[in-house]
Structures are given as C-alpha cells and as structure tokens.
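Reader: Please show me how to read a model like this one, feature by feature.

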Amino acid sequence: MNKNLDLKSYGFNHKFQHQITTDEITAGLVPARVITVQKETYKIAAAHGEKYGKLKGSIFYQDTKYKVYPAVGDFVLVKPNETGDDIIYRVLERGSSFSRLNPTLRDTITRASEQIVAANFDYVFLMASLNYDFNVRRMERYLAAAWQSGGTPVIILTKADLCENYKDIITELEHIALGVDIVVISAHTGFGMEHLQKYMQPGTTLVFLGSSGIGKSSLVNALAGEELMKVNTIRENDSKGQHTTTYRQLFVLNSGVVIIDTPGMRELGMWDVEEGIETVFSDIEELFHNCRFRNCSHSGELGCAVQEAIDCGNLTKERWKSYQKLIKEANYSANKAAYLRSQKALYKNEYKKFISNKH
Ligand SMILES: Nc1nc2c(ncn2[C@@H]2O[C@H](COP(=O)(O)OP(=O)(O)OP(=O)(O)O)[C@@H](O)[C@H]2O)c(=O)[nH]1
Ligand SMILES: [Mg+2]
Ligand SMILES: [Zn+2]
C-alpha cells in the first residue's frame, strides 16, 4: 500500500511550485519527484505515495518537437491514477543538472546524445578513492562539468583507511580546485564522516559521482546507518570496480537529506562545459589578457603570458596541456552538436517540401 508523504521531504520547494500553472492544477496535475528510471519505467514520489509512472504518449512520443525527458531527481507533473501507473505530463524546469555525452549514442542525433545523469541537486560529490588510480586530471574534468551543472562541487576522497599518506594528493588537488571543499573519509572506519554533517540538511539533495568501486554506495549506507544499497563484498584484488550499482537511485535518509547514488561512470563525455572550464581554469584564462598580442595563440609567440607562467613555474605544463585538451573536446562536441542540429533542420525542411509537393 502507498502511504501519503510530504513532497517537501523529497526536496520540493517554492521554486518548483511556482512553475505549476493554474490550468495544470485545475486539470488535476500534481508534482512528483523521479526516484529511479529504468528504460521507460519511472518510479516517482508524490503526495499520494511512492509509485510508478509512465510518460503521456501523446505528449512525449508523437510530438516531434524537442522534449525534455525525465531523469532521476527531476520534478514532474503527473496525473494520479488509482488503478495503475500515474501519467507523467511535464518535467519542471531544472535547478541544476549533470549531463554527459551518452557513450552509446555518440553518433546519433543532437540532444539524444546528451544524457542527464541527475537533476535538481545542491551539491555534487565528486568521489575518488585514495587507494589506487588517483588521477588529478580526471578530477579536473569532473570539476569542470560539476561547475557547469549548477550544483556546488565537493571533492570526497574515500577509503582513507587504505592510504597511509594522502597529503600530497590534497596539495595537488588544492591547486586545481580553488575554493572547493575536500573531505577525506572512510566509510568503513567512520574516519572524517563528521565533516560531511554540514551537507546533511533536510531537503538538500546530493548526487554521488565517480568511478565504479570507489565507495559511493558504501557512503550512502554509512550515512543511512543501514544497507540501502548493495555493495560488493568480495575483496577486490585488482581494484577494478565491479559495477555493483546498475541504475541511478534517489533516497531520503532519516536526517532528511536526499541522496542520488549513481553507477560508476567509465567515461565522462564533455557537453557544453565552456563555462565550467572557465571556472576551473580561471587562472589560465586570466593569463591570456597579459599576452602581448591580442590574437596570441600561446604557441611560442613573443610576450606570451602563458609561456612566461610556465617558464617561471606558476603554471605546470600538465595543467596547460589538460586545459588545451578540454577546450578541444568541448569545441568538438559543441561543433558536432551544431552540425547535427543543422542537418536535422535541413532534413525537416526537405521533408516538409516533400510532403507539401505531394498534396
Ligand atoms: N577499505 C575500505 N573499503 C571500502 C570503503 N568504502 C567502500 N569500500 C569497499 O569498496 C568496494 C566498492 O564499494 P561500493 O560502495 O560498492 O562502490 P561504488 O562506488 O558504489 O561502486 P559502483 O556501484 O560499482 O559504482 C566494496 O568492496 C566496499 O566494501 C572504505 O572506506 N574502506
Ligand atoms: Mg554503487
Ligand atoms: Zn599567449
């Protein structure tokens, strides 16, 4: 049986309430939050309880216009259905969202290749394990995407019990993550967990991101004080993740905080991250103003501030390379999306002509 619940405890607030029109209220539509998405089945939480919902076909499937499909964390408007699944009518505008290029849809049409990992969170927990394979450059990429998402990034370094000395890693991170909180924890021993308290506020939503096997679900369980998520108990020897979590899931803990746990990502495709790159690499973009020539390409010109910063040790070659690589990728995906959009528009026009010629 479904029991009634208060959607506020799932993070619903006036920002979302304001988006609902009187027509929608008159039509009997009510807000709900998406808890899981599996293929075309959506698990949702609404005032009338937790249940399943499906998309209203005439809105989501037959209309060729670009549509926003629900992702985990989204607030949607549904028509409650006592005898079956609720019907989802609309996704309310997102306060934040984390997206990446869908690795399985790289070459299909435009926005279809953008995958929304999670929506409407306050903090993005960028998680990495201290015991192996710590990669500063990867963290840099995640940071850029996190800043772009609209949430506030927090770096969480896990498995402190397996690492003797993490001071160097912190120092390295502090250089690339200006102003970002870095918290070192162990879900097993409880080390450092008290530093997470300030994020555990009722109605606040956190999303956990990071490679498989680094302890995202273990942290969910440690914070919940019970086993909400399955965690792989077999002791790993090669430290490779097992992909234990297979789909994204939203929970409300007893403390009132809302957490979205996600499966480990193999790949973070870049998508519209120019702004995020600016934030993460503001020191580099700042340098550009000091180059002697306004159109400096920073590849050996006289008076290039980037070269000077590298020479005097203010900027590492690795960081400069990493910046160039990200910019290249971001341009690539932006250009590609623009190209595909233009192709699609062209195709649509041709099709319209074809149809009107027929009549
Ligand atoms: N020693 C130690 N092991 C941990 C810690 N946290 C998690 N682990 C172990 O790391 C392994 C993976 O943990 P999970 O929580 O399943 O990792 P995950 O990030 O959710 O992985 P995916 O669901 O595959 O993305 C398990 O064997 C955990 O017991 C920790 O703080 N210390
Ligand atoms: Mg997991
Ligand atoms: Zn220059």
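Author: What follows takes a ligand shell, a residue and a helix in turn. This is a predicted model, in which local features need pLDDT of at least 70, side-chain atom pairs count only at pLDDT 80 or more, and totals for chains, interfaces and linings use all residues. Residues are numbered from 1 along each chain as its sequence is written, and chains are lettered from A and ligands numbered from 1 in the order in which they are written.

Reader: How many residues surround ligand 1?

Author: A residue is near a molecule if its C-beta atom, placed from the backbone, lies within 6 Å of it. Here 23 residues surround ligand 1, and Gly215, Ser217, Ser218, Thr245 and Gly264 are the closest.

Reader: Why does Asp74 count as buried?

Author: A residue is buried if 20 or more other C-beta atoms lie within 10 Å of its own, exposed if 12 or fewer, and partly exposed in between. Asp74 counts as buried because it has 26 C-beta neighbours inside 10 Å. Ala118 is 44 residues from Asp74 in sequence, yet their C-alpha atoms are 7.7 Å apart in space.

Reader: What span does helix H4 reach from its first C-alpha to its last?

Author: Helices (H or I, at least four residues) are DSSP runs, numbered from the N terminus. The expected span is 1.5 Å times one less than the number of residues. H4 (residues 136-149) has 14 residues and reaches 20 Å, close to the 20 Å expected. H4 is mostly covered, with 11 of its 14 residues buried, among them Trp147. Gly150, with a positive phi near 100°, follows H4.

Definitions and conventions
Helices (H or I, at least four residues) and strands (E, at least two) are DSSP runs, numbered from the N terminus.
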